[in-house]
Amino acid sequence: MRILPALLLAFVCFGANELSNTRAPGFSLPDSSFKRFDLQDFRGKWLLLEFIQTDCPHCKALSKTLESIKQKYPGRVGILTVVIAPPEDMDTVAKYRKETGVTVPIVFDQGQMAASYFQASPSKPFHFDTPHLFVVNPQGMIVRDYGHSSSNHEMLEGPALIKDLDPLLNRK
């Protein structure tokens, strides 16, 4: 059975928003050249915060979609990709960059940042599916929380995501 695109869009927008309307947790993480990226670096801009695994085909598709959003909204949108190390390392990130052609920063988290974004606790162990995308507004609030599942990977991989984000990113 095929779900209508509008219904799918509504499901993703409203069904996957566990952290929507909450303040984005702070962080300061290094990339492979040891340059640090902080949530505060993106104040005043939209931030698309992507959690990936470098061997995930859906992550590669999302990364390419985010590159096109970056080009569409130069200077208005920041994009930051987060990988968990280990298992990710400088070699897996370099290979990912080469395969996808992404130019956005890829930072390494040892789990602390991800645990705060995914609200890990003793009663809720740390776990998330990739890719996972958080949209943070210029005031530092999470306004979209797109999780990955087999039912919504199309949303995270192309035109549907751009269509959903355009009204947000076009706001003055």
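Trainee: Let me start with charges: which residue forms a salt bridge with E99, and how far apart are the closest N and O atoms?

Mentor: Good place to begin, and keep in mind that this is a predicted model. E99 pairs with K60, and their closest N and O atoms are 2.7 Å apart. To read such a pair, look at where each partner sits. E99 belongs to helix 3 and K60 to helix 2 (residues 57-72), so the bridge ties together parts that are 39 residues apart in sequence.

Trainee: How many salt bridges does the whole structure have?

Mentor: A search of the whole structure gives four. One of them joins D166 to K72, with the closest N and O atoms 2.8 Å apart. This pair links distant parts of the chain: D166 is in helix 6 (residues 159-169) and K72 in helix 2, 94 residues apart. D166 is buried, at 17% relative accessible area, whereas K72 is partly exposed at 47%.

Trainee: And where do R144 and D164 lie?

Mentor: R144 and D164 meet through their side chains in a salt bridge of 3.2 Å, N to O. The bridge links distant parts of the chain, with R144 in strand 8 (residues 141-146) and D164 in helix 6, 20 residues apart. Both R144 and D164 are buried.

Trainee: Where is E88 in the chain, and what else does it touch?

Mentor: E88 sits in the loop between strand 5 (77-84) and helix 3 (90-100). Setting aside neighbours within four places in sequence, its contacts are Q53, T54, V83 and F108.

Trainee: Let me try another loop residue. Which residues does T103 touch beyond its sequence neighbours?

Mentor: Not counting residues up to four places away, T103 touches E67, K70 and R97. T103 is in the loop between helix 3 and strand 6 (106-109), and its side chain makes a polar contact of 2.6 Å with the side chain of K70. T103 and E67 are 36 residues apart along the chain, and their C-alpha atoms are separated by 7.4 Å. With a relative accessible area of 49%, T103 is partly exposed.

Trainee: What about aromatic rings: how many pairs are there?

Mentor: The count comes to six aromatic pairs. One of them is F51 with Y117, a tilted pair at 6.0 Å centre to centre and 50° between the planes. F51 is in strand 4 (residues 46-51) and Y117 in helix 4 (residues 112-117), so to speak of the chain, this pair links distant parts 66 residues apart.

Trainee: How many disulfides does the structure hold?

Mentor: As a general idea, a disulfide is a covalent bond between the sulfur atoms of two cysteines. This structure holds zero disulfides. Among the cysteines, C56 is buried at 8% relative accessibility, and C59 is buried at 0%.

Trainee: Finally, the overall picture: how many helices and strands are there, and in what pattern?

Mentor: The chain has six helices and eight strands. Along the sequence they follow the pattern α-β-β-β-β-α-β-α-β-α-β-β-α-α. Of the 172 residues in the chain, 48% are buried. For contacts between residues at least 6 apart in sequence, 70% join residues at least 24 apart.

Key: Residues are numbered from 1 along each chain as its sequence is written. This is a predicted model: local features need pLDDT of at least 70, side-chain atom pairs count only at pLDDT 80 or more; totals for chains, interfaces and linings use all residues. Side-chain values use heavy atoms; hydrogens and water are left out. Helices (H or I, at least four residues) and strands (E, at least two) are DSSP runs, numbered from the N terminus. Contact means heavy atoms within 4.5 Å. A disulfide is a pair of cysteine sulfur atoms within 2.5 Å. Buried means under 20% relative accessible area, exposed over 50%, partly exposed in between (1.4 Å probe, protein chains only). Rings of Phe, Tyr and Trp (its six-membered ring) pair if their centres lie within 6.5 Å; planes under 30 degrees apart count as stacked, over 60 as edge-to-face and the rest as tilted. A polar contact is a pair of N or O atoms within 3.5 Å; within protein, one must be able to donate a hydrogen and the other to accept it, and residues adjacent in sequence count only if both atoms are side-chain atoms.
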